[in-house]
Amino acid sequence: MARVLVGIKRVIDYAVKVRVKPDKTGVVTDGVKHSMNPFDEIAVEEAVRLKEKKIASEIIAVSCGPLQSQEVLRTALAMGVDKGIHVEISGAEYETLQPIHVSKILAKIAQNEKADLIIVGKQAIDDDSNQTAQMTAAILDWPQATFASKIEKGNAEISVTREIDGGLENIKCKIPAVISADLRLNEPRYATLPNIMKAKKKPLQKLTPKDLGIDVSPRIQILSVEDPPTRQAGAILPDVDALVGKLKEGGHI
């Protein structure tokens, strides 16, 4: 049976209106509700389903970030994950943490834990990078199946249905492999109260990038974070001629 590693990220909750800091160095996070990245929830759910089908033997969740990242790890443990690993990165280092750093951390932990499958969300809803799965696969030299909407396990391989621009693509890849979860892969379960209580007793290991020999020094400098331009109000026009006139007036045609 496979050992599964799941990458999860603590992000500003999807229902919260994000506000840019007055100095434009980033977004306001203090006193703002955070939760597990929705695509990572789907990745956790898929790993738990693999265990329920007796395909996975153990599930390990990893989160990189400040102390509060342990909250999302506890949520994952309550959903059915067996063990959590918190790689603590805070302050300025966390603000400039990039997918390349996270990929190196996941790859190292996958080797240490002898993982057969790595499942992550296809992207985080805060930075929308969509790079971690691809770079983790490259570092490990493992096959990758991104944007997965269906996963089936064979003997020494997995069959994955991928969501692509033109529709769906079916691929097979050998194990070990890296998978990124798309929106339609599953519907994540809610953690029940008994499982939330049990999660408190499950192991949660704490590490630092230094423990893993990973350098997280910044590769980028954030110059400015700004709100998108305010949309102008629309107008209802009586006919096509008026529309053409408006377009010419605005210099669009």
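# Terms and values in a predicted model

P176 is found in the loop between strands β9 and β10 (177–181); helices (H or I, at least four residues) and strands (E, at least two) are DSSP runs, numbered from the N terminus. The model is predicted, so local features need pLDDT of at least 70 and side-chain atom pairs count only at pLDDT 80 or more, whereas totals for chains, interfaces and linings use all residues. Residues are numbered from 1 along each chain as its sequence is written, and side-chain values use heavy atoms, with hydrogens and water left out.

Q: Why are β7 and β8 called paired strands?
A: Strand β7 (residues 144–153) and strand β8 (residues 157–164) are joined by 5 bridges, and two strands pair if DSSP finds at least two bridges between them. The two strands therefore meet the rule, and they run antiparallel. One of the contacts sets E152 against its bridge partner S159 in β8. A hairpin of 3 residues links β7 to β8.

Q: How do you know that β8 also pairs with β9?
A: Between β8 and strand β9 (residues 167–174) there are 8 bridges, in the antiparallel sense. Within this pairing, I158 stands opposite C173 in β9. The hairpin formed by β8 and β9 has 2 residues between the strands.

Q: Why is C173 called buried?
A: Buried means under 20% relative accessible area, exposed over 50%, and partly exposed in between (1.4 Å probe, protein chains only). C173 has 8% relative accessibility, and therefore counts as buried.

Q: What makes C64 buried or exposed?
A: The relative accessible area of C64 is 9%, so C64 is buried.

Q: How many disulfides does the model contain?
A: The count is 0 disulfides, where a disulfide is a pair of cysteine sulfur atoms within 2.5 Å.

Q: Why is D128 called partly exposed?
A: D128 has a relative accessible area of 44%, and so is partly exposed. D128 lies in the loop between β6 (117–121) and α5 (132–140). Its phi is near 50°, a positive value in a residue other than glycine. Most residues other than glycine have a negative phi.

Q: What is the phi of F147, and where is F147 found?
A: F147 has a positive phi of about 55° although it is not a glycine, and F147 is found in strand β7. At 18% relative accessibility, F147 is therefore classed as buried.
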